[in-house]
Amino acid sequence: MDITSSTADSSPPARPGAKPGSKAANAAKGATRPGDRIFLALSRGSGLLLLVIMAAIAAFLAVRATNALSHNEGNFFTTFEWSANATPPVFGIAVLAFGTIVSSLIAMIIAVPVAIGVALFISHYAPRRLAAPLAYVIDLLAAVPSIVYGLWGALFLVPHLGGLYSWMNDYLGWTGVFAYHDGAARSLFTIGILLAIMILPIVTSVSREVFLQAPKMHEEAALALGATRWEVIRMAVLPFGRSGVISASMLGLGRALGETMAVATVLSPSFTIGKSLLDPGGGTFAQNIASSFKESGEIGKDALIASGLVLFVLTLLVNGAARLIIARRKEYSE
Amino acid sequence: MAKRIDVSGLSAYYGTHKAIDDISMTVEPRSVTAFIGPSGCGKSTFLRTLNRMHEVTPGGRVEGKVMLDDENLYGAGVDPVSVRRTVGMVFQRPNPFPTMSIYENVAAGIRLNGGRIRKAELDDVVEKSLQGANLWKEVKDRLNKPGAGLSGGQQQRLCIARAIAVEPQVLLMDEPCSALDPISTLAIEDLIGELKERFTIVIVTHNMQQAARVSDRTAFFNLAGVGQPGKLVEIDETARIFSNPSVQATEDYISGRFG
């Protein structure tokens, strides 16, 4: 305490000519060089610009959405109808929310275990000569445009899923959820399968990176105890990678929730919630916006924007939940 | 419990590079054998061949024989996993599993080896192992706290407790004190003195005083030059190695004239 105060007191007399705000006084504080000042202005400007753009977008969406909602004659959350261009307009997001969440959940249930398996195979089982090309191919899958997945889904997946659906109907049909009535397989479940394939690469490659970073010293600790390779993974790799896998899954979920073209290409949309996931029909937020934007009038477009806002909030909630899960595990991770 | 190790004509490779060349030695049961020698002389590599951990390293390969009593660890059809259950290991840096509690860390090996075990029985083994590692008194009230929350010296003793919980025949220690302060080092050295009543102990160390303090026999390793494989120069009673070694190079190393 004494030392700092004495140096602070003694510094002004040490430089007699220095007035506050002069070059010498600034030099003591740090950033005075022109390069520093330009860079500071640039980086601060970009940061501010981003915030301004975000605020502008949010304000625009909120205003347009409010406009639509004030004209809506139905209940925005419970109405099973989307007649936003009728007079008076009647629309609700119940079907879209259901379709979006259900198809994304199906995608997660299928994709995450497979992705973890593939990632572990690449990081801990495959010989090096095989691991590198395999990882490359998986990354390449992420680069395929979603419309290509959509076309493949519509032209190949839909005609070939009938067999699987009949089989599921035979064994699980009694649940009602997996009953199948011989229609075209343009259902939410098909969307789930397609989305699973689409999010597989991103979940796999992020998980793989995390598994590769698992500390060698803990793997060796497990090995030295007489663990088999699977036991090493269970003791030293999976616990270390847990939060990374959750983040990877959330990235995948984000993509599944917002996927547009592939869903719009495959699904035969309807504003009903069927008893069975295998029956055609349903819709998602993004698909509905893409399918009906062009034919929409003023209010119709605003209504679509309102539904888009809901999707945005949904994605935010998902990310928030993921962060909570990761934070709760902090105590035990390094 | 403790078994004799008999190594003959053992060489180890990293890919095409030969790390140690043609080593033969006997390690007596219920005793401490120390490996000393300059860095890069292959003493850690040799230690890792004794529980088949060397071959885990990509490109790692071993030639020769390691007999544990009358079983060749490198014999045809020997499962490296079961070898490692018989020959335990403690590493240079304390490495308790960070996601596990103190209790779970000690129980980890038993859960692997025994599969299912009754809770009361497991409690017993955990307490016995922690007592065996002179750690019980310090942690008995926080068995469910993360093992990573302990001090470095306590973590290392936790790792020793984890290793001895599965009742191995041999305990290998790879510079177990090099990351610890003098007090924790002393605690580990005392512990080694107690553990040799039950186990065959092999310890690699860079600290010659430590080798002199804890070991009954000492092996000196050396290498002819950079890129050359390491060789065993001699192995003898520790007292003899430190007072009157039979090879000049050993005396030079111990008296600090090189290395």
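Predicted model: local features only at pLDDT ≥ 70, side-chain atom pairs only at ≥ 80, totals over all residues.
Helices, counted here as runs of at least four residues, and strands, counted as runs of at least two, are DSSP runs numbered from the N terminus.

View 1. Of the 334 residues in chain A, 35% are buried. When the contacts in chain A with a separation of 6 or more are considered, 71% of them are accounted for by residues 24 or more positions apart.

**View 2. The annotated stretch of chain A, residues 97–322.** An unreviewed UniProt entry gives residues 97–322 of chain A the annotation "domain: ABC transmembrane type-1".

**View 3. The overall build of chain B.** In chain B there are ten helices and ten strands. The radius of gyration of chain B is 18 Å, close to the 18 Å given by the globule rule for 259 residues, and therefore chain B is as compact as a globular protein of that length. Taken along the principal axes, the box filled by the C-alpha atoms of chain B is roughly 55 × 45 × 30 Å. Buried residues amount to 46% of the 259 residues in chain B, and, among contacts in chain B between residues at least 6 apart in sequence, 69% join residues at least 24 apart.

**View 4. The place where chain B touches chain A.** Here 23 residues of chain B are in contact with 18 residues of chain A. On the side of chain B that touches chain A, at least two residues each are supplied by helix 2 (80–86), strand 6 (87–90) and helix 3 (102–114) of chain B. Sorted by class, this side of chain B has twelve nonpolar, seven polar and four charged residues.

View 5. B:Thr250 lies in helix 10 of chain B, which covers residues 248–254. A residue is called buried if 20 or more other C-beta atoms lie within 10 Å of its own; B:Thr250 has 22 other C-beta atoms within 10 Å, and so B:Thr250 is buried. If its neighbours within four places in sequence are left aside, B:Thr250 is in contact with B:Phe220, B:Val233, B:Glu234, B:Ile241 and B:Pro245. Between B:Thr250 and B:Lys3 the separation is 247 residues in sequence and, from C-alpha to C-alpha, 28 Å in space.

Terms used
Residues numbered from 1 in each chain as written. Chains lettered and ligands numbered in written order. UniProt positions renumbered as here; feature names shortened; annotations may be inferred. Contact = placed C-beta atoms within 7 Å. Nonpolar A, V, L, I, M, F, W, Y, C, P; charged D, E, K, R; others polar. Buried ≥ 20, exposed ≤ 12 C-beta atoms within 10 Å, placed from the backbone. Rg over C-alpha atoms; globule rule 2.2 N^0.38 Å.
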